Amino acid sequence: MRFPIVIPALLAALALLLVSTPPSAPAAMRLAKDGKVHACYKAKGKGKGALRVVRNGKVRCPKKWRKVAWYAVGPAGSQGTTGTGLPGEDGLAGTKALEDKVSELLTRVQALEANLAALLGTTQALCGQVSLLSAVFNCP
């Protein structure tokens, strides 16, 4: 029955190991005064290609390691070419033009509705006259 005692001891040892071991994090980019990031990379042997960022270009790299440096920020590129699309109207000017068109269309719709109402009134008057004539002349 020593099994329950082993688990807490094992958990405590694991917690101690996690606390005492620093987490592996990527190397922080250190920008030197010359605007470059300086590093040493392993050129030969086991672990070839490993990279270690260093403070500046004066740091000596170990045997089988080589110095390397690069600028953190490069020069600005040239301006790109102008697009080939058709120019659109500016925000407020485009909105105003659209509002004017909608207003014009609304006026036309209202005029058409008025014409339809007049036509409907005329049609109803004609139907009334047809009914009257049918009654006068005994039309089926």
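The protein exposes about 12800 Å² of accessible area, 65% of which is supplied by carbon and sulfur atoms, the areas coming from the Shrake-Rupley method with a 1.4 Å probe and, for residues, with only the protein chains shown counting as cover. This is a predicted model, in which local features need pLDDT of at least 70 and side-chain atom pairs count only at pLDDT 80 or more, while totals for chains, interfaces and linings use all residues. Residues are numbered from 1 along each chain as its sequence is written, and side-chain values use heavy atoms, leaving out hydrogens and water.

Of the 140 residues, 7% count as buried, where buried means under 20% relative accessible area, exposed over 50%, and partly exposed in between (1.4 Å probe, protein chains only). Along the sequence the pattern reads α-β-β-β-α, with helices (H or I, at least four residues) and strands (E, at least two) taken as DSSP runs numbered from the N terminus.

One disulfide is counted, a disulfide being a pair of cysteine sulfur atoms within 2.5 Å. It joins C40 to C61, with 1.9 Å from S to S, and links distant parts of the chain, since C40 lies in strand β1 (residues 36-42) and C61, 21 residues apart from it, in the loop between β2 (51-54) and β3 (65-71). The link of C40 and C61 is left-handed, with -80° about the S-S bond. C40 is buried because its relative accessible area is 4%, whereas C127 counts as partly exposed because its relative accessibility is 47%.

Helix α2 (residues 91-136) includes V136, which counts as exposed because its relative accessibility is 57%.
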